[in-house]
Amino acid sequence: MRLRPAGRAAVLVELDDAGQRRRLHRALSDHPAEGTVDLVPAQTTVLVQVESADLLPGAVAHVQDLLAGGLDAVEEGSREPLPVPVRYDGLDLSDVADLLDMTTDELVKHHSDQLWTVEFAGFMPGFGYMSGVDWPYRIPRRSSPRTRIPPGSIALADGFTGAYPQASPGGWQIIGTTEVTLWNENADPPALLLPGAVIKFEAVTS
């Protein structure tokens with residue numbers, strides 16, 4: 001683990017793995033350092049931003065205390081799942097099922113039976129990278145990315161599920177679509193899929 005300065009009022013905490021990052025993010029969310037204005041998790045890092053430079057030493061000390069105390073005892077916690085209805089009608093559904101040696105019905109059931117956790121956001125505002133505890137599959141990106149993926153597309157790549165909040169080029173494998181608004185700049189917060197949120201995809205037919 002390592003702490004790196006990130007500007008005048010932020011510190012980047014580098015962890016050994018995603019599990020440590022998840023637990024530190026939960027600990028800092030439940031017990032933030034004084035003056036915390038933002039926590040930004042990524043694959044194995046957490047960026048801690050405070051209001052001003054004079055609060056940064058205290059934030060660094062707070063993070064160091066949490067790390068010194070050990071993160072193994074931190075409960076990642078169980079949040080109430082957020083239901084997201086999905087039509088499993090994606091252009092790549094059959095190809096992904098073939099890749100996994102499943103029927104499309106089996107793929108839909110396995111995907112919708114999962115509880116998915118938003119690990120971090122990236123790529124575009126509101127795009128959440130989600131992992132499933134019982135999802136062992138690593139799905140390759142398309143060899144030829146599409147020039148436009150419609151908003152609301154539910155897609156797979158590597159070990160993640162993603163949901164496109166806006167139209168965008170992309171190479172993820174599309175397995176379904178949702179009508180749920182994933183990004184609303186007039187809402188607070190504007191993103192539906194916030195890091196730490198638990199998502200339950202529910203198969204619908206219309």
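This is a predicted model: local features need pLDDT of at least 70, side-chain atom pairs count only at pLDDT 80 or more; totals for chains, interfaces and linings use all residues.
Residues are numbered from 1 along each chain as its sequence is written, and side-chain values use heavy atoms, leaving out hydrogens and water.

**Where α1 meets α2**
- L24, A27 and L28 of α1 are in contact (heavy atoms within 4.5 Å) with H62, V63, L66 and L67 of α2.
- By class, this contact has 6 nonpolar, 1 polar and no charged residues.

**Two nonpolar cores**
- A nonpolar core joins buried Ala, Val, Leu, Ile, Met, Phe, Trp, Tyr and Cys residues through side-chain atoms within 4.5 Å, where buried means under 20% relative accessible area with a 1.4 Å probe, protein chains only.
- The largest core has 24 residues, and L107, M130, I199 and F201 have the most contacts inside it.
- Helix α3 gives the most to this core, with 3 residues.
- L107 touches L93, V96, A97, L100, M102 and W135, not counting residues up to four places away in sequence.
- A second, separate core has 19 residues, including L15, L56, V63 and L66.

**A look at H111**
- H111 sits in helix α4 (residues 104-113) and is buried, at 0% relative accessible area.
- Beyond its neighbours within four places in sequence, the contacts of H111 include Y88, W116, W135 and F201.

Key:
Helices (H or I, at least four residues) and strands (E, at least two) are DSSP runs, numbered from the N terminus. Buried means under 20% relative accessible area, exposed over 50%, partly exposed in between (1.4 Å probe, protein chains only). Ala, Val, Leu, Ile, Met, Phe, Trp, Tyr, Cys and Pro count as nonpolar, Asp, Glu, Lys and Arg as charged, and the others, Gly among them, as polar.
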